Amino acid sequence: RIKGTIPPKKVSECPSPILASGVDSSCERKRTRTKCWKFCKASHQGITTGYICKVVGQSVTIQPVSGTISCTSIRRLRSFLPVPSESDDKLPKILRTSKASASSPNTSGTWEKPGPEDVSKRQLAASCDATSVANAGLNVQGVNYDNCIGKADGQTCVVQCADGYNITGTPTIYTCSAGSLSTTATDPRPSCVANPCLYGIPSGVGITSDCPGTRTDGLCNASCDQGYNGANQSYTCGALGEFNGSLPACQAKNCSSLSLGQEFTTAQCVGKVTTETCIVDCAEGWASSGDAPTFTCNPNGSFTGISPTCVPNQCIEGAPTDADLNATACTGLTTLQTCSVTCANGYSGATKDFTCATTGDFTGTKPSCVPLTCPNTVPSYQGVVTSGCIGITYGSNCSLSCASGYALPSGISSVTEWTCGYDAVKGSVTLTGPAPSCEAQPCAHDFPTGSTLSHNCTGVVTDQSCMVWCKAGYIGNVTARSCGSDRTLSGSNPACLPTSTQTT
């Protein structure tokens, strides 16, 4: 936008022309490009001729439009002219006789110049003024009658078109007589058409006007165009074809906020005013597939432009990887997309949402997950202790041990472990592991002894029983003995009595 002050325009003025004898004019104090007329005084005759004030080289001067004026003195007419009478109004007034200022031809037949007495009498007659102009109906727009103001009785003047008006034909010549203006022309006033103003049409950033086509002395308005604020200013079409007035002070209006999707950044468009432009780019978290386009603040207060193509970035960092969490739903997510992070199989807890942030990282709060407890589903095995698998949680192990009186087989050095794991088929946690291998140990203590007893307890092992009875020649009840976990036979032996004692 170009700023500055337009320098003042100086219009040159032509010097008053030097007039030949018998020539009068309306060319005093004329400005460049304005027209004026030279015409013959009442004592002379000739054709009224148009002139113009124009620049010639480095100076300004009055120049003829076409041809120069030539005025011939009526007093030099030859004696063959008929002697005028008071009633002869076909001749110029200067040739008509009056009691106050009559002149007569001399002996050579030439009309003499009125004497001092005649001039004095004419000067005493009323001159023409503004009232004379008004009475003659000349004070109308577009008509210049200045040349007739102050004319003395008997003097002629020219009524022409005012500056800024174009004449059709020639100006009208008037004669001042006793304070009144009169003419012998068919049309008492010249035909004047106002010229259109072509220079200085109000213009500028945000300025419009209805001035084109306005003619001389016409009024028009300059106003602020759509998208600008400011007061209207009036202009006048001047006589030189230029508009006169002051430009309105038009301030560009602010555009409303540019509202686009979250994938765009419009920070550069804040505060823009009419006709200003801004760049719309992809916001953080999105990648542009081309050049950033330009948006324009329109006079109606809105922006126009084509939005860029913005592709969301994929988040690759920050997704939870803890063993107790399941974040598979977050795979492949892009900017501002969300996913649900749950507890992994074998754990319980509330689901939490994570968001793929514009930075390319996931943000969110991890779920609080606790492992599930496996029920003790280990079968009851002979000689195996399973109480160690009670309350085992997901991912933990428990060991099955041999009960007292039992031992691992030879060559096996470790106990059997079971694991609390997730059964996808059942959808729950469960204990799994191999069957234990514990061998019952042979009893080693409190075997039946005595000469009266017999038994089959040799080789009996833990949790097995054996029988004890009386030997032959003795009598008594048969008793059972059990091999306990301490490898000791429990129970009592029979009370054996000799058979002879029983007979007695």
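Student: Which cysteine does a disulfide join to Cys-374?
Tutor: This is a predicted model, where local features need pLDDT of at least 70, side-chain atom pairs count only at pLDDT 80 or more, and totals for chains, interfaces and linings use all residues. Residues are numbered from 1 along each chain as its sequence is written, and side-chain values use heavy atoms, without hydrogens and water. A disulfide here is a pair of cysteine sulfur atoms within 2.5 Å. At S to S 1.9 Å, the partner of Cys-374 is Cys-420.

Student: What is the handedness of the disulfide between Cys-374 and Cys-420?
Tutor: Look at the torsion about the S-S bond of Cys-374 and Cys-420. It is about 90°, so the disulfide is right-handed.

Student: Is Cys-356 buried or exposed?
Tutor: Buried means under 20% relative accessible area, exposed over 50%, partly exposed in between (1.4 Å probe, protein chains only). Cys-356 has 0% relative accessibility, so Cys-356 counts as buried.

Student: How many disulfides does a search of the whole structure find?
Tutor: One of them joins Cys-148 to Cys-157, S to S 2.0 Å. Another joins Cys-315 to Cys-356, S to S 1.9 Å. The search of the whole structure finds 21.
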